[in-house]
Amino acid sequence: MPELSLAQLAELTGAQLQGDAACMVGGIGSLDDAQPGQIAFLSSNKFRKYLPDTAASAVILKENDLDSCPTNALVSDNPYLTYARAAAALTATESLPPGIHPSAVVDPTARIAPSARIEPNCTIGAEVEIAEHAVVGPNCVVADRCCIGAATRLVASVTLGAGTRLGERCLIHPGADLGADGFGMATDQGQWVKVPQLGKVVLGTDVEIGGGTTVDRGALKDTVREDGVKLDNQIQIAHNVHVGKHT
């Protein structure tokens, strides 16, 4: 983890600093077991009993808890949100170097931005477009005509069916399957006849898809996740389902 001063964290999170602006923190802990050099947070009254004795170098909390805080503080109306931003800053990693791993199989018609990264054992199909700073993690399959937006990351073992479109800054966790056929069957004298699934899966910007989640392609129209949608692990989104912004 990088070390940041409380002054830097206050600026990054928009919180109000109380205490030593030069105090450095390089880790995160809970109120009851944080150590010097770590920052903790208090967002629920049930954990307030741990505040007076915390060993953390700083605590993110509301103003009405400040009188019980024995150390430096970042004061916020929404401590959990401030904690999320502080944790993101403290766990930030350097950008991975761009390039295509030698074990990846990439169709010659694919268009991959110079700053994108394709990791080991990936398969990239025909007419795929991968934008700047995108990362396709190990063992991913990106089928024909998919589009992956700028700074989007497929963590590992993600499958994108043909024509899937991902917006910018999406995060797709391991094992997710976007663009498999929806379940459509017609009957012919008691026997099942598969109905071709002709739509796509379309994701907006800042969408997150949990591990093992499946999003089926539409039958005729597209299956859509609008901007800011967040899905947990092991969910199924059926064909043609349209999920609105920030769900």
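Visitor: First up, is Tyr83 buried, partly exposed or exposed?

Guide: Tyr83 counts as partly exposed, at 23% relative accessibility. Keep in mind that this is a predicted model.

Visitor: What does Tyr83 form a cluster with?

Guide: Phe41, Tyr80 and Tyr83 make up one aromatic cluster. A search by ring distance gives 3 aromatic pairs. One of them is Phe41 with Tyr80, a tilted pair with 5.8 Å from centre to centre and 40 degrees between the planes. Phe41 sits in strand β5 and Tyr80 in helix α2 (residues 79-90), so this pair ties together parts that are 39 residues apart in sequence.

Visitor: And how are the rings of Tyr80 and Tyr83 arranged?

Guide: Tyr80 and Tyr83 are stacked, because their planes are at 25 degrees, with the ring centres 6.1 Å apart; planes under 30 degrees apart count as stacked. The two tyrosines are 3 residues apart in helix α2, which means about one helical turn separates them.

Visitor: What about the accessibility of Phe41 and Tyr80?

Guide: Phe41 is partly exposed at 23%, while Tyr80 is exposed, with a relative accessible area of 53%.

Visitor: OK, switching to charges. How many salt bridges are there?

Guide: The whole structure has 9 salt bridges. One of them joins Arg48 and Asp65, whose closest N and O atoms are 2.5 Å apart. That pair links distant parts of the chain, 17 residues apart: Arg48 is in the loop between β5 (38-41) and β6 (58-61), and Asp65 is in the loop between β6 and β7 (72-75).

Visitor: Are Arg48 and Asp65 buried or exposed?

Guide: Asp65 counts as buried, at 7% relative accessibility. Arg48 is partly exposed, at 27%.

Visitor: Which residues are in a network with Arg48?

Guide: Asp65 and Asp67 are. Salt bridges link Arg48, Asp65 and Asp67 in a network.

Visitor: Where does Asp222 sit, and where is Lys200?

Guide: Their side chains meet in a salt bridge, 3.3 Å from N to O. Asp222 is in the loop between β26 (214-216) and β27 (223-225), and Lys200 is in the loop between β23 (191-194) and β24 (201-203), so the bridge links distant parts of the chain, 22 residues apart. Asp222 is partly exposed at 27%, and Lys200 is partly exposed too, at 28%.

Visitor: What does Arg169 meet in a salt bridge?

Guide: Glu168, with 3.2 Å from N to O. Arg169 is partly exposed at 42%, and Glu168 is partly exposed at 37%.

Visitor: Let's do sheets. What's the strand order in the open sheet of 7 strands?

Guide: The order is β9-β12-β15-β18-β21-β26-β29, with parallel pairing. At the edges stand β9 (105-106) and β29 (236-237); each has a single partner strand, so one side of each has no neighbour in the sheet.

Visitor: How many bridges are there between β15 and β18?

Guide: β15 (residues 141-142) and β18 (residues 159-160) pair in the parallel sense over 2 bridges. Val142 has Leu160 in β18 as its bridge partner.

Visitor: Last topic, cysteines. How many disulfides turn up?

Guide: The search of the whole structure finds 0.

Conventions:
Residues numbered from 1 in each chain as written. Predicted model: local features only at pLDDT ≥ 70, side-chain atom pairs only at ≥ 80, totals over all residues. Heavy atoms only, no water. Salt bridge = Lys/Arg side-chain N within 4 Å of Asp/Glu carboxyl O. Helix = DSSP H or I, 4+ residues; strand = E, 2+ residues; numbered from the N terminus. Buried < 20%, exposed > 50% of the residue type's maximum accessible area, 1.4 Å probe, protein only. Pairing = 2+ DSSP bridges. Phe/Tyr/Trp six-rings, centres within 6.5 Å; stacked < 30°, edge-to-face > 60°. Disulfide = S-S within 2.5 Å.
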